[in-house]
Amino acid sequence: MAHLAVLTAKPDLPLYAGLKEAARAAGHTLTVLDALRLAAVSDPPGVWDPQHGAPLAGVEAVLPRVGNWRPDSILAVLAALEASGVPTLNRPAPIRRGRDHWRTTLALAAAGLPHPETVAGSEPETLAAAAAALVGFPCVVKQRRSRMGVGVIRCACRAELEAVLDTLWRLGEEVVVQRFCPPGGVTRRVLVLDGEVLGATEHRAGPGEFRANAARGATVAPVALGVAEADLAVAAAAVVGLDFVGVDLLLDGDRWVVGEVNPTPGWKHFAAATGLDVAGRLVEALARRAVPP
Ligand SMILES: Nc1ncnc2c1ncn2[C@@H]1O[C@H](COP(=O)(O)OP(=O)(O)O)[C@@H](O)[C@H]1O
Ligand SMILES: [Mg+2]
């Protein structure tokens with residue numbers, strides 16, 4: 001029996017109740033740690049639990065869940081846990097890479113994996129000029145840390161692009177601009193765990209929408225992946241360095257390219273569509289890593 005944990009800033013999500021249940025069924029215990037109620041300690045590295053007035057102890061493996069709510073605080077606690085010897089399913093540096101569209105693009109480009117041409121920058125006229133020269137129209141502006149399609153905007157022409165970039169610049173947002181992959185609205189979400197494809201779903205956006213996020217109302221259906229797509233998803237997970245990941249493949253004409261490598265994929269829609277026991281597989285992967293104290 002292993003003592004497993006989830007580290008999150010949203011401990012009440014139903015997803016984690018399901019993980020607890022899966023751990024119990026497999027004879028383990030799983031604690032949902034509220035990262036915002038723990039403090040990272042630098043020296044000696046570890047985590048302080050003020051509720052118990054003591055260092056956090058006994059956790060044998062951890063699944064980090066880093067969303068847009070206080071990501072740096074969660075990553076600080078995660079790094080301290082890791083430095084104190086707790087194995088983590090997804091390490092801090094790859095999580096940072098996967099959360100950032102630009103760093104992900106650099107990793108994909110260095111490995112020669114297909115992805116939409118992307119430029120990064122901030123000053124609106126400079127970035128618009130680079131995008132017009134290198135990416136073309138339509139293009140897609142993305143906040144570097146967008147989630148669930150929020151902060152992902154299609155621009156049909158240079159005037160529209162400049163207006164969007166100008167607004168985001170004033171708000172202080174860091175962005176990238178990407179080539180739009182036609183026809184838009186169709187993606188495949190591949191869940192990869194420890195270098196293996198767990199399964200895949202196809203997402204289709206509703207009418208008038210190009211973002212195929214389930215959170216934006218896209219339909220989600222199970223899909224059988226071809227070998228090339230499966231290999232592409234596994235390679236994308238490996239170059240970003242993530243153990244558990246949702247790789248989004250975008251339809252780009254007649255081929256698939258890597259659109260996103262998500263280090264904190266949800267699995268509610270995925271499990272409902274495919275019938276796969278994602279929680280059970282995650283518990284197995286955590287238990288494999290567990291180091292008894
Ligand atoms: N370059 C692109 N061309 C066409 N569609 C895109 C492109 N980039 C993103 N999309 C669509 O927008 C959705 C959200 O973008 P994504 O990069 O996955 O950000 P998020 O992290 O917010 O989900 C994708 O699932 C896809 O449907
Ligand atoms: Mg996405």
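**Close-up views of a predicted model**

View 1. Leu7 stands opposite Pro64, a residue of strand S6. The model shown here and in the other views is predicted. Strand S1, which spans residues 3-8, is joined to S6 by 5 bridges. These two strands, S1 and S6, run parallel.

**View 2. The open sheet of strands S2, S1 and S6.** The sheet is open and consists of 3 strands, arranged in the order S2-S1-S6. The pairing within the sheet is parallel. Strand S2 (29-34) and strand S6 (61-65) are the edge strands, each of which pairs on one side only. On average, neighbouring strands of this sheet are turned by 20° against each other, with direction ignored.

**View 3. Helix H1 on the sheet.** Helix H1 comprises residues 14-25 and lies across S1, S2 and S6.

**View 4. The packing of helices H2 and H3.** Two packed helices are described by the angle between their axes and the distance between the axes. Helix H2 (residues 71-83) packs against helix H3 (residues 92-99) at an angle of about 155°, and their axes are 10 Å apart. Because angles over 145 degrees count as roughly antiparallel, H2 and H3 are described as roughly antiparallel to each other. On the side of H2, the contact is made by Pro71, Asp72, Leu75, Leu78, Ala79 and Glu82. Helix H3 contributes Pro92, Ile95, Arg96 and Arg99. Sorted by class, the contact of H2 with H3 has 6 nonpolar and 4 charged residues, and no polar ones.

**View 5. The crossing of helices H4 and H7.** Helix H4 (residues 101-110) and helix H7 (residues 227-240) pack with their axes 9 Å apart, at an angle of about 115°. H4 and H7 are therefore roughly perpendicular to each other. The crossing in which H4 passes H7 is right-handed. Thr104, Ala107 and Leu108 of H4 meet Ala236, Val239 and Val240 of H7. By class, this contact of H4 with H7 has 5 nonpolar residues, 1 polar residue and no charged residues.

**View 6. The protein chain as a whole, for orientation.** The protein chain contains 9 helices and 15 strands. Its radius of gyration is 20 Å, close to the 19 Å that the globule rule gives for 293 residues, so the chain is as compact as a globular protein of that length. Along the principal axes, the C-alpha atoms of the protein chain fill a box of roughly 60 × 40 × 30 Å.

Key
Residues are numbered from 1 along each chain as its sequence is written. Chains are lettered from A and ligands numbered from 1 in the order in which they are written. This is a predicted model: local features need pLDDT of at least 70, side-chain atom pairs count only at pLDDT 80 or more; totals for chains, interfaces and linings use all residues. Side-chain values use heavy atoms; hydrogens and water are left out. Axes are lines fitted to C-alpha atoms, for helices over the stretch in contact, and angles run from 0 to 180 degrees between N-to-C directions. Helices (H or I, at least four residues) and strands (E, at least two) are DSSP runs, numbered from the N terminus. Angles under 35 degrees count as roughly parallel, over 145 as roughly antiparallel, 65 to 115 as roughly perpendicular and the rest as oblique. A crossing is left-handed if the near helix is turned anticlockwise from the far one by less than a right angle, and right-handed if clockwise. Contact means heavy atoms within 4.5 Å. Ala, Val, Leu, Ile, Met, Phe, Trp, Tyr, Cys and Pro count as nonpolar, Asp, Glu, Lys and Arg as charged, and the others, Gly among them, as polar. Two strands pair if DSSP finds at least two bridges between them. The radius of gyration is taken over C-alpha atoms; the globule rule is 2.2 Å times the number of residues to the power 0.38.
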